[in-house]
Amino acid sequence: DTGTESGTLPIPTDTSGQSSGVVRYKVWFHRGEQLFVVTRTQSATPRVGTAAMEALLAGPSPGERSAGVATQIPDGTQLLGLIVDKGIATVDLTSEYESGGGTASMTMRLAQVVCTLDQFPTVKGVLFKLDGRPVDVLGGEGIVIDHPLRCRDYRDLLPVILVTSPAIGQAVSNPVTVSGSANVFEANVTVDIVDSSGRVVGNAFTTATCGTGCRGTFSVTVSYEVRAAQRGEIVVHDDDAAGTGHPPHEVHIPVVLQPAS
């Protein structure tokens, strides 16, 4: 049993697909130089914050790694404790957490922990301990962390388009609902379903709740045509407003496509 957790950590507000005896939560890794979120599902536990942290420290799954998902948290980092008191989560990690890496790596690993804990409605900020001692400055780069940190402090690390569902490698339904958030020109979001041969077999357009300078959420259901289950991709992109022939931002989520029932 790694770590102790006290305080109240109800399950995240995003509980779609939740069923009795099961808990679902988000874990933040990165893809390239930007944050990337995945979902984990497990048997219900009152220590869901600890479960989320342990999933974070375990790293991306093999399928996620093959799709470019990675972590900046060093191997060997362990969770020693997690306490939530009056809205502040204090996470205690072993000193491996601050080993190696420059400013970019340190900032990303902070964002991964903070965003993973900030999903819980009772957490209003995150403080850090290493080997049981409070930490005000992280690493040789001197990143100041002497105040409660929020996920919004790392908004610059969020990709322009963030797909939260479906997950990498998921066998998706037909039609499939694609959801996430985006900060794109005029809030325009297009979803293409691409089969194993690279052919677009489904397409839909939607708008995020905000755009052109602010981040909004989106969700759209897309039907597609395949005759048999096969590997494919969900490609989410914005408009080619500049007329270059390619959208400026796009996200590829490898999935398993299913024929319509």
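These legends go with several close-up views of the predicted model. Local features are given where pLDDT is at least 70, side-chain atom pairs count only at pLDDT 80 or more, and totals for chains, interfaces and linings use all residues. Residues are numbered from 1 along each chain as its sequence is written, and side-chain values use heavy atoms, leaving out hydrogens and water.

View 1. Helices (H or I, at least four residues) and strands (E, at least two) are DSSP runs, numbered from the N terminus. Here the strand order is E3-E2-E4, with antiparallel pairing; two strands pair if DSSP finds at least two bridges between them. E3 and strand E4 (69-70) are the edge strands, each pairing on one side only. Strand E2 (residues 22-31) meets E3 over 10 bridges, and Tyr 25 stands opposite Arg 40 in E3. H1 packs on this sheet, touching E2 and E3, and its direction makes about 35° with that of E2. Helix H3 (residues 103-118) lies across E2 and E3 at about 165° to E2. Contact means heavy atoms within 4.5 Å; axes are lines fitted to C-alpha atoms, for helices over the stretch in contact, and angles run from 0 to 180 degrees between N-to-C directions.

View 2. Of the 11 residues in helix H1 (residues 48-58), 8 are buried, where buried means under 20% relative accessible area, exposed over 50%, and partly exposed in between (1.4 Å probe, protein chains only). Among the buried ones are Val 48, Met 53 and Leu 56. Gly 59 follows H1 and has a positive phi, near 85°.

**View 3. The second largest pocket.** This pocket holds about 180 Å³ of space. A pocket is an open set of points on a 1 Å grid over the protein atoms alone, where a 1.4 Å probe fits, with protein on both sides within 12 Å along at least five of seven lines; lining residues have an atom within 4 Å of a point. Grid points are joined across faces, edges and corners, and the volume is the space filled by probe spheres set on the points. Strand E3 (34-43), strand E11 (161-165) and strand E17 (250-257) each give two or more residues to the lining. Residues lining the pocket include Arg 31, Phe 36, Ile 161 and Glu 250.

**View 4. An open sheet of 4 strands.** The order is E14-E13-E16-E17, and the pairing is antiparallel. Strand E14 (200-207) and E17 each have a single partner strand, so one side of each is left without a neighbour in the sheet. From one strand to the next, the twist averages 20°. Between strand E13 (residues 188-194) and strand E16 (residues 230-237) there are 5 bridges, and Thr 190 stands opposite His 237 in E16.

View 5. Most residues other than glycine have a negative phi, and most peptide bonds are trans. The bond from Ser 165 to Pro 166 is cis, with omega near 5°, and the bond from Asn 174 to Pro 175 is cis, with omega near 10°. Pro 166 is found in the loop between E11 and strand E12 (176-182). Ala 187, in the loop between E12 and E13, has a positive phi near 65° and is buried, at 7% relative accessible area.
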